[in-house]
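Colleague: I am new to this structure and would like to learn how to read it. Could you take me through a few features in turn?

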Amino acid sequence: MSQISNILSEKKLDRHNDEMLKLLDNVTVNDVKTALREVPGKYSLERMLTLISPAAQECLEEMAQQAASLTVQRFGRTIQLFAPLYVSNFCCNSCLYCGFNTSSKFKRTRSTIDQAVTEADIIASEGFRHILLVSGEDPKFVTCDYLNELAEKLRSKFSSVSIEIQPLSTEDYSKVFQGGIDEVAVYQETYDRDVYAKYHKAGPKSDYDFRLETHDRTGAAGMRRLGVGFLMGLNDWRLETLAMSEHTAHLMKNYWRAQVSFSFPRMRPAVNVIEQYQHLVSDKELVQLMLALRLCFADAGMILSTRESAAFRDKLVKLCVTKISAGSKTNPGGYSGNEDSTEQFEIDDDRSPSQVVKMLKTAGKECVWKDWDAGFAITNNE
Amino acid sequence: MDKLIIAGKEFDSRLFIGTGKYSSNKVMAESIAASKTNMVTVALRRVDIENENDEMLTAIDREKYLLLPNTSGARDAKEAIRLAKLARAASGINWLKLEVTPDPYYLLPDGTETLKAAEALVKDGFIVLPYINADPILAKKLQDVGTATVMPLASPIGSNQGLKTRASIEIIIRQATVPVVVDAGIGLPSHAAEAMEMGADAVLVNTAIAAAGNPVMMARAFKQAVQAGRQGYLAGKAAVTTEANASSPLTGFLRD
């Protein structure tokens with residue numbers, strides 16, 4: 001068993017845990033107030049449990065004040081911008097909640113290198129310097145060679161290239177890191193083994209442990225930024241947050257050169273998905289979750305996508321978010337006007353990047369287009 | 001005149017300013033102006049050094065301020081050297097604030113890699129101002145390889161905790177053959193004054209100004225604090241004792 005599997009199993013965070021739910025319910029407002037008197041930004045499982053408890057909902061304003069001020073101290077009055085580039089919506093998995101599910105019947109699209117570069121040019125022309133390459137799990141097409149060839153072509157236009165694709169081996173992560181890709185996002189979806197099995201019945205993604213250990217491989221390969229998250233809606237968000245926090249603490253200790261960032265994918269309508277979800281997360285709960293994370297992990301990045309509404313995003317950039325996408329298209333070819341291909345999820349905030357920039361300025365935030373430099377990267381030619 | 005001289009260049013101000021974390025380039029420019037600094041550091045990761053129209057760079061008046069590029073984010077000597085060379089090739093600037101900070105959370109400097117990079121960069125003609133932990137031996141080794149200053153941290157960067165490393169910085173100052181610039185962790189004007197009173201040659205401030213409620217006012221306060229601290233140092237402090245010492249209870253009988 002790997003170290004992270006052991007940690008979750010010993011703390012009973014990889015299965016539904018009534019005991020933990022009881023502990024959460026037993027937290028009092030006074031406990032929360034005591035926790036809020038501690039220096040913010042330091043993690044312990046107990047502190048996280050206190051801050052995400054139902055009782056802590058009484059203290060959201062105080063949590064928000066502390067989180068906002070800590071975020072300004074650590075990240076400044078800035079928000080970094082990035083754009084996703086979907087390169088394939090082929091997928092060999094059958095996740096019940098996902099529009100790219102292999103059994104979904106729609107016309108699949110893959111972008112050739114040239115097509116992807118055309119899309120990237122449009123993204124660059126809007127000002128973006130951080131780009132995230134996204135695909136379904138499409139290992140036959142989205143190979144290391146494909147990624148490295150694309151990264152090489154993007155190097156002059158973008159200061160960093162990230163990926164959100166199928167989990168790879170350590171060796172393959174090393175290859176793409178050498179190719180100039182320095183950030184990997186892989187979300188566990190759910191840390192609960194039983195719930196995981198229910199939603200991921202077939203395909204490579206059905207292997208819970210291989211996915212859980214992904215960031216041990218990205219970390220070992222030297223990736224600079226590791227993106228974690230769970231899909232909100234599949235399981236009790238409080239239990240998921242505890243497991244994700246332990247995962248994060250494990251990554252921070254073992255891969256200390258890498259920065260962990262959190263993403264917050266929330267269930268949204270997708271094509272051909274009929275499953276009903278028992279654990280949808282409200283705005284208030286999501287805010288509580290984000291504040292608690294900030295108050296435990298002072299320097300973790302917090303990423304918010306256009307899945308969320310404009311009105312909600314406008315509020316969240318003032319709290320603890322550090323990085324947002326804007327003007328996103330979640331279908332391959334979407335930027336150059338391909339209306340036919342199917343998107344992974346519907347965009348809620350469909351404002352253009354320049355509208356988002358205007359919003360950020362009004363919120364007193366400087367837009368950071370560039371916060372890395374391609375010059376850092378090792379290149380294969382060296 | 002009490003001028004600060006680094007690598008043969010004279011500076012009126014002993015306050016260096018960082019450019020991160022501001023709510024806008026306008027507020028940054030106003031704060032820089034209010035601080036009366038002569039030296040502004042900018043992270044190479046944040047700007048396009050070769051681009052004349054880069055928004056942040058155009059907000060910094062290069063006639064008034066020496067631009068000091070920094071390698072913030074570099075994990076090891078190799079990365080810092082690569083970035084420094086690319087930046088010099090693109091901009092012609094050979095001043096460099098060397099930062100090798102492999103841990104993205106506390107951003108503490110890696111001494112061994114910093115020394116390795118400093119040695120190579122000095123040989124290559126750079127004027128190197130290295131950011132270091134308050135380690136007197138490392139400071140000496142860096143001076144031996146020819147850095148233009150040493151820049152020990154007061155406490156972890158961005159933490160605003162003030163002079164937590166005071167005892168070590170005192171040793172660095174006492175042993176220094178180059179200017180000592182206290183960098184990182186200075187959270188209040190009084191911290192800056194304290195560092196200057198100790199005999200630091202300059203201080204570098206970013207978060208304490210950029211994250212203040214009123215950055216421009218805070219920049220002005222830092223300017224005054226640095227001046228006050230420097231004058232306090234130059235004036236020569238009076239001795240401190242813990243109690244009045246008018247009488248000599250044990251030896252008074254010897255007066256006859």
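Colleague: Let me begin with strand pairing. How many bridges join β1(A) to strand β9 of chain A, and do the two run parallel or antiparallel?

Modeller: Bear in mind that this is a predicted model. To read a pairing, look for the bridges and then for the direction of the strands. Here β1(A) and β9 (residues 366–368) of chain A run parallel and are joined by 3 bridges. One place to look is Gln80(A), which stands opposite Val368(A) in β9(A).

Colleague: Which other strands does β1(A) pair with?

Modeller: Strand β8 (residues 323–325) of chain A pairs with β1(A) in the parallel sense, over 3 bridges. There, Leu81(A) has Ile324(A) as its bridge partner. Strand β2 (residues 130–135) of chain A also runs parallel to β1(A), with 5 bridges between them. In that pairing, Ala83(A) is set opposite Ile131(A).

Colleague: Is β1(A) mostly covered or mostly open?

Modeller: Mostly covered: the strand spans residues 78–88 of chain A, and 11 of its 11 residues are buried.

Colleague: Next, the nonpolar core. Which residues have the most contacts inside the largest one?

Modeller: The general idea is that nonpolar side chains tend to be buried together in soluble globular proteins. In this model the largest nonpolar core has 104 residues, and those with the most contacts inside it are Leu51(A), Leu85(A), Ile131(A), Leu133(A), Leu147(A), Leu291(A) and Ala292(A). Helix α13 (residues 283–296) of chain A gives this core its largest share, 8 residues. Another core, of 84 residues, lies apart from the largest one and has among its members Trp372(A), Val27(B), Leu204(B) and Ala211(B).

Colleague: Last, the interface. How many residues of chain B are in contact with chain A?

Modeller: To read an interface, count the residues on each side, then ask where they come from. Here 24 residues of chain B are in contact with 20 residues of chain A. On the chain B side, α3 (77–91) and α8 (207–210) are the elements that give two or more residues, and α3(B) has the largest share, with 4 residues. That side divides into 10 nonpolar, 6 polar and 8 charged residues.

Definitions and conventions:
Residues numbered from 1 in each chain as written. Chains lettered and ligands numbered in written order. Predicted model: local features only at pLDDT ≥ 70, side-chain atom pairs only at ≥ 80, totals over all residues. Contact = placed C-beta atoms within 7 Å. Nonpolar A, V, L, I, M, F, W, Y, C, P; charged D, E, K, R; others polar. Buried ≥ 20, exposed ≤ 12 C-beta atoms within 10 Å, placed from the backbone. Pairing = 2+ DSSP bridges. Core = buried A, V, L, I, M, F, W, Y, C linked by C-beta atoms within 7 Å.
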